[in-house]
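Please work through each task before reading its solution.

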Amino acid sequence: MHIAFCCTDTKAEPWLAGLRAALPGATVREWASGDPPADYAVVWAPPQRFIDEQPRLRALFNIGAGVDALLRLRLPPGLRVVRLDDAGMAVQMAEYVCHGVIRYFREFDAYEAAQREARWAFRKPRARADFTVGVLGLGVLGTRVAQALQVFEFPVVGYSRTPKALPGVTSFHGEEGLAPFLARSRVLVNLLPLTDATRGILNRATLGQLPAGAYLINVARGAHVVEEDLLALLDSGHLAGATLDVFASEPLPPEHPFWRHPRVTVTPHTAARTLRDESIAQIAGKIRALERGEPISGVVDPQRGY
């Protein structure tokens, strides 16, 4: 069994060592053009040439939850694309989102500004019941985020393409469910997969349906947001602010207005990082299952895009 590793911007050796330890009978190597075809591949943003040189792949394992970059490539018909189910990312995402929601709800940004001015200033407590958090996308990560927010007793609503039932979460779905979901969301958390249907979904029309003074947290993909529309709604005061971890262009260019906007918090695509050891264990387990002819989880539907 031959496993090819092709991950841009990732140090290969720790992954190779981990995969070799987890799959001692396999040949594991970092891909170079002209190598023999592999049976399985572990990838992140591989070039089209890599795919073209792999005529016998049984599965393509993506070392992340989002597979939009892979699905833009020309993939052989029937090739399994497998995303990570969780591998330690869900708890990180829940941490990040809860921090963003609580920082906005408790107005910690105002306290930080007061500290810079050596000003002792209390803020009037806000009513938690007025701060419904809307989770846009109820997959593995969205579900974990919704559960975590309930620990802090925030009202939570959720939106998904198809019906979902989560304890304590009022759920909306389908085209007809988006408007009432947005109208309820004082804080909107985007955790949608990026597909042709969701690209640019956070625009003037949709964000304008949020209550006045709403707040946006985007931890999915930058291409979900029409940036000029977001900036216009922030400047008009319809949106109180935004915490953004992902951007249309990454790294975010130094001249981008998000860096200096007083109502925007920027982080460098770090909400949920891939944890190598957990990911290797999951990928190795799935390869062993495929070798035994067993089904695996995380197989992407290319028509849906996730």
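**Exercise 1: the nonpolar cores**

Task: Identify the residues that touch the most other members of the largest nonpolar core, then trace where this core comes from.

Solution. Step 1: Phe61, Leu149 and Val219 touch the most other members among the 55 residues of the largest nonpolar core; such a core is a set of buried Ala, Val, Leu, Ile, Met, Phe, Trp, Tyr and Cys residues joined through side-chain atoms within 4.5 Å, where buried means under 20% relative accessible area (1.4 Å probe, protein chains only).

Step 1: α4 supplies the largest share of this core, ten residues. Domain 1 (2-87 + 274-292) and domain 2 (89-266) each contribute at least three residues.

Step 2: Leaving aside residues up to four places away in sequence, Leu149 touches Val97, Cys98, Val101, Val133, Val135, Phe154 and Val156 (contact means heavy atoms within 4.5 Å).

Step 3: Leu136, Val225, Leu230 and Phe247 are included in a second, separate core of 27 residues.

The model is predicted: local features need pLDDT of at least 70, side-chain atom pairs count only at pLDDT 80 or more, and totals for chains, interfaces and linings use all residues. Residues are numbered from 1 along each chain as its sequence is written, and side-chain values use heavy atoms, with hydrogens and water left out.

**Exercise 2: the second largest pocket**

Task: Describe the lining of the second largest pocket.

Solution. Step 1: Of the 16 lining residues, Asp109, Tyr215, Ala240, Pro262 and Arg263 lie nearest the centre of the pocket. A pocket is an open set of points on a 1 Å grid over the protein atoms alone, where a 1.4 Å probe fits, with protein on both sides within 12 Å along at least five of seven lines; lining residues have an atom within 4 Å of a point.

Step 1: At least two lining residues come from each of α4 (89-105), α5 (108-116), β11 (239-244) and β12 (264-266). β11 gives the most, three residues.

How values were computed
Helix = DSSP H or I, 4+ residues; strand = E, 2+ residues; numbered from the N terminus. Buried < 20%, exposed > 50% of the residue type's maximum accessible area, 1.4 Å probe, protein only. Domains from an automatic or database assignment.
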